[in-house]
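Subject: The structure, and what turned up in it

Hi,

Here is the structure I promised to pass on. Please have a look at it first, and then read on for my notes.

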Amino acid sequence: MIRRWLSLACFLAMPALAQEPPLPELELLSEHPIEGMAQGNLSGMAWCGDALWGVSDRDDAIVYRFDTREDVWRAEAEAFELPPPPDTGLPWGVRVRSWVMGLVRGGHMDFEGMSCDSLGNRYLVSEAYASVLKLNPAGTAEWLTLPDSLVRQARASGMLLKFNALFEGITVDPAGDRMWLAAERERRGLLVVHRRQSRWICTGGCVLMSEGGRENPPHPLEGQSLQRDFSGLAFFEDKLFTLERFALRICRRTASTGAVERCWSFAETASAEHRLYDSPYSTVESLWIDADGAWIGLDNNELTRQDGESRPIVWRFAAPKGGWSARR
C-alpha cells in the first residue's frame, strides 16, 4: 500500500517537476514600418557593410537597402539580373507546385532568407529551388554550386519533403567559408556546407540536426498544437541563432551540432493587442544578431494589424543581460 501511494505521489508531481521555467523576455527598443517595398513580404534580412538589407519572397530580381535614419524606414530597391536557377534534385511534383504558386502570387524564386559576409557578398536562399544565390557588391548574381548530396541527405533525414516547407533560413560566417541552411518544418533541421576554393562540400555529412514534433506556443498562439519550425537563421560569435516562429523565441545553438544552448522569448512584444494580425500564425520571418541586440523582420503577408499598420515591420531588441554568450 505504501509503495502504491508513493508511486501515485510521484506521478502527480511529474508535471510540476517537468515544467520548464519561463524564458527571459527580450526588451523591445524600437519598431520600424518600411515604406517602398513594392510587394511587401519582408522574408530575409542582413547587415552588409554600413546598411541593413532585405529581400521579399515576392520579388525575384530585387534586394532592398534600408534607409534607417528615421523611425519609418525607406526601402531603396537594387535590381539585378537573375540567372536561370539550377536543378538541385527536388522532386518534379514539388518543383511544379512551387512554379504554380509563383504564377499565382509572384516570386518564382521564393527567396526566404538572406545573409552577408565580411566582403559584402549577399546570399539569398530560394525555397522554391532549394538553392543559394550569391550577389556580389557590384550587383552580379550567380547560383552557388552546392553539393549534389545536400538535398538528398536532407530528404533522407525527413526534411524538404513537403511543398512550401523547404529552406527558410540561411547564414554564413564572416569569411564566407561556412554556410548554414534551415529547413522550415515537418521536419525542421539545420544543414552546413563548407567552401573549398570555388566549391562547396559537405564535411562529414551535410545534416547537423533534424527533428519533428509539435509544441504548444505562448500567447497569442496558445491553445494550438503547432509544428516545430525555423523561420530565420543568424551567425554571431561562432554561434547559430534560430528564429522560431511559432514558439516566439530566439535560440542560441552550437554551430557544429545545432544543439540548443539557451533561448530568449519575444512573446510579450508579439502578443501586444495592437500588434496582432487576423491570422492563426506568427509573421516573424527574418533575423540578424549583433553585439547590441537582435533585428527581427515581419512578413505581414499583405495582412493589416489591429492598429491599421499594413507595411512590413522590423523590431529592434536589446541584447540580453550579460550578452548573447551569457550562460544564465
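A word on terms before the notes: a residue is called buried under 20% relative accessible area, exposed over 50% and partly exposed in between, using a 1.4 Å probe and protein chains only. This is a predicted model, in which local features need pLDDT of at least 70 and side-chain atom pairs count only at pLDDT 80 or more, while totals for chains, interfaces and linings use all residues. Residues are numbered from 1 along each chain as its sequence is written, and side-chain values use heavy atoms, with hydrogens and water left out.

Let me start with the salt bridges (a side-chain nitrogen of Lys or Arg within 4 Å of a carboxyl oxygen of Asp or Glu). The structure holds 28 of them. One joins Asp-307 to Arg-305, with their closest N and O atoms 2.7 Å apart. Arg-305 counts as buried at 5% relative accessibility, whereas Asp-307, at 39%, is partly exposed.

Glu-211 and Arg-188 form another salt bridge, at 2.5 Å from N to O. This pair links distant parts of the chain, as Glu-211 sits in strand E14 and Arg-188 in strand E12, 23 residues apart. Strands (E, at least two residues) and helices (H or I, at least four) are DSSP runs, numbered from the N terminus. Glu-211 is partly exposed at 24% relative accessibility, and Arg-188 is buried at 2%.

Then there is Arg-245, whose side chain meets that of Glu-184 in a salt bridge (3.2 Å, N to O). Arg-245 lies in the loop between strand E18 (239–244) and E19, and Glu-184 in the loop between E11 and E12, so the pair ties together parts 61 residues apart in sequence. Both residues are buried. They also belong to a network of salt bridges that includes Glu-168, Arg-185 and Asp-229.

Next, the nonpolar cores: sets of buried Ala, Val, Leu, Ile, Met, Phe, Trp, Tyr and Cys residues joined through side-chain atoms within 4.5 Å. The largest has 28 residues, and Ile-34, Phe-66 and Leu-124 have the most contacts inside it. Strands supplying at least two residues each include E2 (42–48), E3 (51–56) and E4 (62–67). Apart from this core lies another, of 24 residues, among them Leu-90, Leu-146, Leu-150 and Val-151.

Leu-150 and Val-151 are also buried residues of helix H3 (149–156), along with Ser-149 and Ala-154. Just after H3, Gly-158 takes a positive phi of about 95 degrees.

Best wishes
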